[in-house]
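Trainee: Could we take a close look at one part of this protein, a pair of helices and the domains around them? I would like to follow it step by step.

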Amino acid sequence: MPPAAESESSVREAEASPSETMRGLLELTRPGNVAAAGVLTFTGAFVADGLLAPAAIVAAVAATMFATAAGNAVNDYFDREIDRINRPDRPIPRGAVSARGALWFSVALFAGAVVSAAVLPVTAIAIAVVNLVALLAYTELFKGLPGVGNVVVAYLTGSTFLFGAAAVGGAFETTVLVLFALSAMATFTREVTKDVEDVAGDREEGLRTLPIVVGERRSLALGVAVLAVAVAASVVPFVVGGFGVVYLALVLPADGVMLWGAARAFADPSAGQTRLKQGMFLATAAFIAGRITASGGVPA
Ligand SMILES: CC(C)=CCC/C(C)=C/CC/C(C)=C/CC/C(C)=C/COC[C@H](O)COP(=O)(O)O
Ligand SMILES: CC(C)=CCC/C(C)=C/CC/C(C)=C/CC/C(C)=C/COP(=O)(O)OP(=O)(O)O
Ligand SMILES: [Mg+2]
């Protein structure tokens, strides 16, 4: 960052009160995502093994929540110039948190993730190591490559199911793998939609995101195709995973909301990505309800 800009942002930082800074730090973590990622991790463990290993579940959920918070905070640190254009209301561009403060905050959160994951089985530790490296490398290495950043975020989000299941020794249960695939595909579609929403700032910063390289409509069409596959596959946990009809009663409306969001994105990417997220959270509830009402097929 050039000295003048640095001094300008430090002037704004000097105006931030302690309460504004605390609120800014909390906002950096994107607490809604942190909570949701924790729920996904719990769901992976629950689907794989029920509640038979509570200590491992707690450690896995904590690791995921620390890692997601850390990833969001370090993403805003690296994105601070782009966000001055795309998201001027985010904590760093608005001066609530200094860039250096955000960086050290993310380091502390990453340390929490490492300590929490260290007590888990080796498969879970391996997933955590891969994820922590991917989170650190995402913005600088992957985000600016067409489609690659979207795939990385999609993997990271889906991996929470694998991580939770690995924490209790069931990482590769069929149903867990299906939930991994469903959430990864839906997240890919939402990430592409968010890139369409962010084209202005991303182009200004020279990022070669999918919409910038292949066009916005083609990118959105790819997102719809990927989501359609996920929607079609979303009945699998009911057909082969033993998830009850309650699962269908929740996942089918979730599918509808996600498809609605993907279609809406062509006219309004911001509204579309928000709708997609709502559908994804409803689908998460469907997974949990499905496992609670599961019969056969899934461990007691
Ligand atoms: C077809 C079907 C049934 C799909 C399943 C969809 C599903 C359950 C997706 C899970 C999505 C979810 C609840 C993720 C947790 C939150 C999270 C870690 C999201 C990753 O977000 C990265 C994003 O770029 C952050 O941006 P923003 O949300 O705008 O802050
Ligand atoms: C299981 C373990 C140990 C870790 C998983 C950690 C998880 C669930 C990560 C998924 C969420 C995620 C990818 C967070 C990192 C922050 C990120 C990449 C946000 C997206 O950044 P941008 O592409 O800049 O989009 P924004 O415009 O929202 O900033
Ligand atoms: Mg960002």
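Mentor: Happy to! Axes here are lines fitted to C-alpha atoms, for helices over the stretch in contact, with angles running from 0 to 180 degrees between N-to-C directions. This is a predicted model, where local features need pLDDT of at least 70 and side-chain atom pairs count only at pLDDT 80 or more, while totals for chains, interfaces and linings use all residues. Residues are numbered from 1 along each chain as its sequence is written, and chains are lettered from A and ligands numbered from 1 in the order in which they are written.

Helices are DSSP runs (H or I, at least four residues), numbered from the N terminus. The axes of H3 and helix H9 (residues 174-197) approach within 9 Å and cross at roughly 155°. That makes H3 roughly antiparallel to H9, a label for angles over 145 degrees. On H3, the contact uses Leu40, Gly44, Val47 and Ala48, and these meet Thr175, Val176, Leu179 and Ser183 of H9; contact means C-beta atoms, placed from the backbone, within 7 Å. Five of the residues in this contact are nonpolar, three polar and none charged (nonpolar: Ala, Val, Leu, Ile, Met, Phe, Trp, Tyr, Cys and Pro; charged: Asp, Glu, Lys and Arg; polar: the others, Gly among them).

Between them, 26 residues of domain 1 are in contact with 28 residues of domain 2. Helix H3 (31-49), helix H5 (80-86) and helix H8 (148-167) are the elements giving two or more residues to domain 1's side. That side divides into 15 nonpolar, eight polar and three charged residues.

Notes:
Two residues are in contact if their C-beta atoms, placed from the backbone, lie within 7 Å. Angles under 35 degrees count as roughly parallel, over 145 as roughly antiparallel, 65 to 115 as roughly perpendicular and the rest as oblique.
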